[in-house]
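Hi,

Here is the structure you asked about. Please open it first, then read the notes below.

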Amino acid sequence: MAEANSRAEALIQSVTKKPGDYSPGLEGVVAARSRLCQIDGAAGKLYYVGYAIEDLVQNSSFEEICFLLWYARLPRIDELENLQKQFREYRALPAEATTFIELLPHTSHPMDALRTVVSLLSTFDTNPEKSPEANLHRAIRLTAQFPTIVATFHRLRQNQKPILPHPKLSHAANFLYMLFGKEPEEMVGKVMDASLILHADHEMNASTFGSLVTASTLSDIYSAVSSGVGALKGPLHGGANEAVLKMLQEIEDPKNVDTWVEQALAKKQKIMGFGHRVYKNYDPRARIFKEYARRLSEKTKFSRFFQVNDKLEQVMQARKGQQGIFPNIDLYSGIVYHQLGIPTDLFTPIFAIARVAGWTAHILEYWQDNRLFRPNAIYDGPGPRPYVAAARR
Ligand code: CMC
């Protein structure tokens, strides 16, 4: 413990800015203490509460990861079974929410639908209790409901009937069941479960920070989570997985990669699926996803995107590796989802289905020692001057 504390202090000394320093994008600013997630950006390592992501993907399940994040320890078997039972109980949406989703324009982006329905669900929560227990209960229920919201919107926009949650399936398998109407093969369910584990948390990322800013005003958990959904949607963050697939469709063939990258960099365009504020090495989540993408490509004989990505990696390594720009999780997640038959605009909602566990865990942790987020700005507009009436401007 003492060793962990002194490591934390050393990190604070090395990265934090002095009061008054300006740091665009808050780069290098330490905004909170947390025991949930650690990224070693130089080594390309990721840990949830001290457990390496590779071990968790290999041995755990998304439900277990939720417990780990909410309670900062792994569950006993009875505790895990209890959480799984709660998830199954809370998956269904209020009937009025389904009716509401039906009224949303079918052309809406599913992230907009998700953000809107999270807000809507707050209006069904009539419990005035704001205790940590009541908020943990809300976190469990919201996490249970996220896949149902996304699948219900997707079915309704295609004029298909929503499918009620399956009482026996895992969180990941049930999502695919509600989306496609049939139970997924074991391997496919495992891939989705791994994806949810890999996306569940990631330290002080933009959407977690966004949700903490809202939470720090002592607003409610629904408002904080909808801030997270809104921040995740952008292509510099969660929206990159959708953007990667569009990029691969545009590049089309490995032989086009060199020219495409050359032209994109000449236009100062960011290459989607590369680069990260914290990782200056290969994102460990991308390494795991790449392996799933490779296996699925072999299985489905649908390897064109995989080949394009492989070539992209080589070209970017040669051009940008020196700058510490490596593949991030979004480079391979899109290919995996595509091969599972998932529509491109559902990629970022899947990220949200996982990250709601991280958002809520960080919110609950932050509220234990809450302080309002209120940074400063450097004013560089005109100095004080007299007001000029409209008629004289
Ligand atoms: N392609 C080309 N150049 C890049 C890229 C990229 N993807 N990322 C960074 N750079 C360059 C950038 O041009 C700049 O170069 P220079 O110093 O010569 O002007 C330098 O690297 C620093 O870039 P920055 O934008 O200041 O760095 P940042 O820490 O603000 O950027 C990032 C992080 C993720 C926004 C950026 O890497 C990016 O836009 N990547 C593409 C979008 C993407 O894949 N996002 C998903 C991130 S991982 C999933 C998640 O957690 O959301």
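**Ligand contacts**

An oxygen atom of the ligand sits 2.8 Å from a polar backbone atom of Gly-273. Keep in mind that this is a predicted model. In Arg-277, a polar side-chain atom is 2.7 Å from a ligand oxygen. In Gln-323, an N or O atom of the side chain is 3.2 Å from an oxygen atom of the ligand. How much of the ligand does the protein bury? Taken alone, the ligand exposes 930 Å², and the protein buries 70% of that.

**The shell around the ligand**

The ligand is surrounded by 20 residues. The closest are His-237, Lys-270, Ile-271, Phe-274 and Arg-277. By type, the shell holds nine nonpolar residues, seven polar ones and four charged ones. Which domains does the shell draw on? Domain 1 (52-237 + 349-369) and domain 2 (240-339) each give at least three residues.

**Strands and helices**

The protein has 17 helices and three strands. The strands form an open sheet, in the order β1-β2-β3, with antiparallel pairing. At the edges are β1 (37-40) and β3 (51-52), and each of these pairs on one side only. Strand β2 covers residues 45-48, and four bridges join β1 to β2. These two strands run antiparallel. Within this pairing, Cys-37 stands opposite Tyr-48 in β2.

**Overall dimensions**

Along the principal axes, the C-alpha atoms fill a box of roughly 65 × 65 × 60 Å. The protein has a radius of gyration of 22 Å. That agrees with a compact globule, because one of 393 residues would have a radius of gyration near 21 Å.

Best wishes

How values were computed
Residues numbered from 1 in each chain as written. Predicted model: local features only at pLDDT ≥ 70, side-chain atom pairs only at ≥ 80, totals over all residues. Heavy atoms only, no water. Near = heavy atom within 4 Å. Polar contact = N/O pair within 3.5 Å; in protein donor to acceptor, adjacent residues only side chain to side chain. Areas by Shrake-Rupley, 256 points an atom, 1.4 Å probe, with all protein chains shown as cover. Nonpolar A, V, L, I, M, F, W, Y, C, P; charged D, E, K, R; others polar. Domains from an automatic or database assignment. Pairing = 2+ DSSP bridges. Rg over C-alpha atoms; globule rule 2.2 N^0.38 Å.
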